[in-house]
Amino acid sequence: MLEHFVTWLGDTPWSVGLHESLYAYTVIEAAHVLAITLFVGTIALVDLRLLGAAFRDAPMSQMLNRILPWTVIGFAVMIATGLLLFYAIPVRTFHSIWFRTKLILLLAGAVNIWLFHGRVQRDVARWDLGPTPAAAKVSAVISLCVWAGVIVTGRMIAYNWFDCDKPQGAFVKAYAACPAIPGVTLP
Amino acid sequence: MSLFHTFEGFEALGVSQAIRGSVWLFPAIEALHLLALATLGGTILMVDLRLMGAGLNTQPTVAVERDARPWFLGALAVMLATGVPLALSEAVKLYDKPSFWVKMAALALALAFALAVRVWLVKRVEAGSPAAWATAMLSLTLWLTVAVAGRWIGFS
């Protein structure tokens, strides 16, 4: 099902065009890296503030109201450019163990943000300048780990050690959902 | 000895050979370089956003700069500690790439501006003023040039 979809996606003219373009892919990838810098750079400093390791005299509500909007902009550009990068090379990326791990981490990051906003941030007025609640610190540590993992796994997608067209062990084959006859659906 | 010979010497160093001889070392150092980039970018933005009146408005600009500095310097140290061995390992290839020299020139300017000029200016310009905007824009432009030229090294 998904296999058919990514194969179809990779055969669309715009996907081929993007993949073979000299500059478009490069420009999108550069924009993706800059968006990640904006997204992770700002969210990491909010996390470090929660942990009491940076901007200690800034009220937490200031960090959330004045810095998180920039995080959201970074996230939006990161997702938009990321989708385009996937669209340019869908089949290989779909079978990348790094991409699959990155998606799991993105999901974990999203759940963490959702929990933080729902349970922790609501009563921020009570600890705006006081000690951060333990739950918020846990959320900050998870956030730092998850987004660091997203950066590392994202960078590794470019490397082909675990590609399906190379001999792989049972775990990689299963995790990457390698096609039974390697090479048939791969570019 | 010419500059090119110096670069050949860099590539012959033990650390360069170790990185080239390993499948994992270059990507691993590269990943660390990117993690530090995100942190560095965040700290630069905190100060430049404050200068433009778009950041932590309840805090004085000087305080934001002072609070951001340890993380800025820490991230910078990791950037250099990872960037230098990456560059040494492929020094001869880099010698011929304009993007590498653009990055180094922009880095020198960005560092001089951040460490000598901007720390002086944050104490004197009023946040949101044209002078503050000019300071922030110059800072962001210099660092963007470093990042974009850096990404370009991988493609050219």
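Good morning. Buried area is the accessible area that two parts lose on being put together, summed over both. With that term in hand, I turn to this structure, which is a predicted model.

Let me begin with the contact between the two chains. Chain A and chain B bury about 3,100 Å² between them, and 76% of that area lies on carbon and sulfur atoms. On the side of chain A, the residues that lose the most area to chain B are A:Phe55, A:Arg66 and A:Arg155, which together account for 19% of what that side buries. As for the residues involved, 35 come from chain A and 35 from chain B.

Next, the polar side of this contact. Ten residue pairs are in polar contact between chain A and chain B, and the count of salt bridges between these chains is three. One salt bridge joins B:Arg151 to A:Glu29, with 3.2 Å between the closest N and O atoms.

Which elements of chain A give two or more residues to the side that touches chain B? They are helix H3 (24–50), helix H4 (60–88) and helix H7 (134–156). Of these, H3(A) gives the most, with 13 residues. Sorted by class, that side of chain A has 25 nonpolar, five polar and five charged residues.

Finally, I draw your attention to one helix of chain B. Helix H4 of chain B covers residues 61–89, 29 residues in total. From its first C-alpha to its last, this helix reaches 40 Å, close to the 42 Å expected at 1.5 Å a residue. Where does H4(B) have a kink? The kink, of about 40 degrees, lies at B:Arg69, shortly before the proline B:Pro70. Thank you.

Note on methods. Residues are numbered from 1 along each chain as its sequence is written. Chains are lettered from A and ligands numbered from 1 in the order in which they are written. This is a predicted model: local features need pLDDT of at least 70, side-chain atom pairs count only at pLDDT 80 or more; totals for chains, interfaces and linings use all residues. Side-chain values use heavy atoms; hydrogens and water are left out. Helices (H or I, at least four residues) and strands (E, at least two) are DSSP runs, numbered from the N terminus. The expected span of a helix is 1.5 Å times one less than its number of residues. The bend at a residue is the angle between axes fitted to the seven residues ending there and the seven starting there. Contact means heavy atoms within 4.5 Å. Buried area is the accessible area (1.4 Å probe) that two parts lose on being put together, summed over both. A salt bridge is a side-chain nitrogen of Lys or Arg within 4 Å of a carboxyl oxygen of Asp or Glu. A polar contact is a pair of N or O atoms within 3.5 Å; within protein, one must be able to donate a hydrogen and the other to accept it, and residues adjacent in sequence count only if both atoms are side-chain atoms. Ala, Val, Leu, Ile, Met, Phe, Trp, Tyr, Cys and Pro count as nonpolar, Asp, Glu, Lys and Arg as charged, and the others, Gly among them, as polar.
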